[in-house]
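I opened a new notebook page for this one.

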Amino acid sequence: MSQRNVQMLPSAARTASQNSHVVGMHADESGAHIVIDVTAVAATPSVVPTVEGYDSVSGKWYDILVGVAITATGTTVLKVGPGIGAVANGAANDFLPAQWRVALVAADADSMTYSVAANVF
């Protein structure tokens, strides 16, 4: 099984909702560990990460895994892949579609510095 690392969002201070770069899956890939690394917060920020798949027929994004609100510095790992034990708001036993991304929905305008990366397998 091959693996590759993908930078989805570089580390930066953000005060609004943000969508990551779209990741295209290779033929031999089916899942990923998504790493959200928060290095600084100001006041009381809150960001909810959601792994979304793209439906090319409707042109719409749909939820695959909705994480818990991130409110402090630290590292959050979301896991999606066949055979991964499902954990509410943390892991999904599912295939990633041909195109997917991470949407990060901010609850307020307080600053949070974070990056998003994926280890695709």
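How many bridges join E1 to strand E10, and do they run parallel or antiparallel? I found 8 bridges between E1 and strand E10 (residues 112–120), and the two run antiparallel. Before going on, I noted that this is a predicted model, where local features need pLDDT of at least 70, side-chain atom pairs count only at pLDDT 80 or more, and totals for chains, interfaces and linings use all residues. Residues are numbered from 1 along each chain as its sequence is written, and side-chain values use heavy atoms, with hydrogens and water left out.

**Entry 1: the open sheet**

I took strands as DSSP runs (E, at least two residues) and helices likewise (H or I, at least four), numbered from the N terminus. Two strands pair if DSSP finds at least two bridges between them. I then traced an open sheet of 5 strands in the order E1-E10-E4-E7-E8, with mixed pairing. Strand E1 (4–14) and strand E8 (91–92) are its edges; each has a single partner strand, so one side of each lacks a neighbour in the sheet.

**Entry 2: the partners of E9**

Next I looked up strand E9 (residues 99–106). It pairs with strand E2 (residues 18–19) in the antiparallel sense over 2 bridges. Here glutamine 18 stands opposite leucine 104. Strand E3 (residues 23–24) is also antiparallel to E9, joined by 2 bridges. In that pairing glycine 24 faces glutamine 99. Strand E5 (residues 47–55) pairs with E9 over 7 bridges, again antiparallel. Leucine 104 turns up here too, as the bridge partner of proline 49.

**Entry 3: threonine 113**

Is it buried or exposed? Threonine 113 is buried, at 16% relative accessible area. The scale is under 20% for buried, over 50% for exposed and partly exposed in between, with a 1.4 Å probe and protein chains only. I listed its contacts (heavy atoms within 4.5 Å). Not counting residues up to four places away in sequence, threonine 113 touches Ser11, Ala12, Ala13, Asp37, Val38, Thr39 and Ala40. The C-alpha atoms of threonine 113 and threonine 39 are 5.7 Å apart, though 74 residues separate the two along the chain.

**Entry 4: rings and charges**

I searched for ring pairs of Phe, Tyr and Trp (its six-membered ring), with centres within 6.5 Å; planes under 30 degrees apart are stacked, over 60 edge-to-face, the rest tilted. The count is 1 aromatic pair. Tyrosine 54 and tryptophan 61 have ring centres 4.9 Å apart and planes at 50°, so the pair is tilted. Tyrosine 54 is partly exposed at 27%, and tryptophan 61 is partly exposed at 25%.

I also looked for charges over rings (NZ of Lys or CZ of Arg within 6 Å of the ring centre and within 35 degrees of the ring normal). The charged end of arginine 101 sits over the ring of tryptophan 61, 4.0 Å from its centre. Arginine 14 has its charged end over the ring of tyrosine 114, at 4.7 Å from the centre.

**Entry 5: the whole chain**

I counted 0 helices and 10 strands. The C-alpha trace spans about 40 × 30 × 25 Å along its principal axes. Of the 121 residues, 40% count as buried. Among contacts with a separation of 6 or more, 72% involve residues 24 or more positions apart.
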